[in-house]
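Here is my note on the model, point by point. Please read it with the structure open.

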Amino acid sequence: FAARVWQSLVPDSPFEALVSSDLVESETGEYVFTLDYYYEGTPIIVREGAQNHAVEIHVKDGKIINYRHILRRFAPRGEKEENIPMLEAIDGLYTRLPAEDTKIRIQDLYIAYMETEEDTALRPVWCAKVEGEETLQYYFG
């Protein structure tokens with residue numbers, strides 16, 4: 001569905017997004033699907049208000065009940081970016097945490113491009129998905 005919406009609005013550009021959410025039914029019988037943009041295999045974290053995914057689709061009883069799509073196209077700048085090594089990223093994560101949060105469990109640590117309000121050029125940052133948290137909370141680089 002999201003690919004068809006994209007093609008109707010931006011027919012000259014491929015829809016480069018993948019499902020990024022768990023496909024689990026909620027207690028109310030609703031499914032929430034999220035898709036994120038990717039550039040050459042690296043995820044792109046978009047931010048628009050409270051929405052942190054390129055596409056959010058809510059489905060209940062086999063029908064779409066809510067659909068939000070942030071339209072973005074990305075192109076290379078022709079510059080190379082270096083990021084800090086993974087171990088430095090982990091150290092940086094723990095130094096940023098309040099003392100009571102130092103026993104967190106990191107489920108995933110990966111590099112992504114992240115939109116910011118200050119800069120239109122996306123830069124790679126380290127992102128950490130922490131056990132027990134629904135959304136990405138930590139990013140640095």
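Is Tyr37 buried or exposed? Tyr37 counts as buried, because its relative accessibility is 2%. Keep in mind that this is a predicted model. The points below start with the overall fold and then return to Tyr37.

1. Fold. The protein chain has 2 helices and 8 strands. Along the sequence they follow the pattern α-β-β-β-β-β-α-β-β-β.

2. Burial and surface. Of the 141 residues in the protein chain, 33% are buried.

3. Contact range. Take the contacts between residues at least 6 apart in sequence. Of these, 43% join residues at least 24 apart.

4. Aromatic pairs. The count comes to 6 aromatic pairs. One of them joins Phe15 and Tyr37, edge-to-face, at 6.3 Å centre to centre with 85° between the planes. This pair links distant parts of the chain: Phe15 sits in the loop between helix H1 (2-9) and strand S1 (17-19), while Tyr37 lies in strand S2 (residues 30-39), 22 residues apart. Phe15 is at 17% relative accessibility, so Phe15 counts as buried; the cut-off is under 20%.

5. Tyr37 again. Tyr37 also pairs with Phe74, edge-to-face, at 5.7 Å centre to centre and 65° between the planes. Here too the pair links distant parts of the chain, 37 residues apart: Tyr37 in strand S2, Phe74 in the loop between strand S5 (63-69) and helix H2 (86-96). Phe74 is partly exposed, because its relative accessible area is 28%.

6. Cluster. Trp6, Phe15, Tyr37 and Phe74 form one aromatic cluster.

7. Main core. The largest nonpolar core has 16 residues. Phe15, Leu35, Tyr37, Ile44, Val46 and Val55 have the most contacts inside it. Two or more residues of this core come from each of H1, S2 and strand S4 (55-60). As background, nonpolar side chains tend to be buried together in soluble globular proteins.

8. Leu35. Which residues is Leu35 in contact with, leaving aside its neighbours within four places in sequence? They are Phe15, Ala17, Leu18, Val19, Ser20, His53, Ala54, Val55 and Ile57.

9. Second core. A separate core of 7 residues includes Ala89, Leu93, Leu109 and Ala128.

How values were computed. Residues are numbered from 1 along each chain as its sequence is written. This is a predicted model: local features need pLDDT of at least 70, side-chain atom pairs count only at pLDDT 80 or more; totals for chains, interfaces and linings use all residues. Side-chain values use heavy atoms; hydrogens and water are left out. Rings of Phe, Tyr and Trp (its six-membered ring) pair if their centres lie within 6.5 Å; planes under 30 degrees apart count as stacked, over 60 as edge-to-face and the rest as tilted. Helices (H or I, at least four residues) and strands (E, at least two) are DSSP runs, numbered from the N terminus. Buried means under 20% relative accessible area, exposed over 50%, partly exposed in between (1.4 Å probe, protein chains only). Contact means heavy atoms within 4.5 Å. A nonpolar core is a set of buried Ala, Val, Leu, Ile, Met, Phe, Trp, Tyr and Cys residues joined through side-chain atoms within 4.5 Å.
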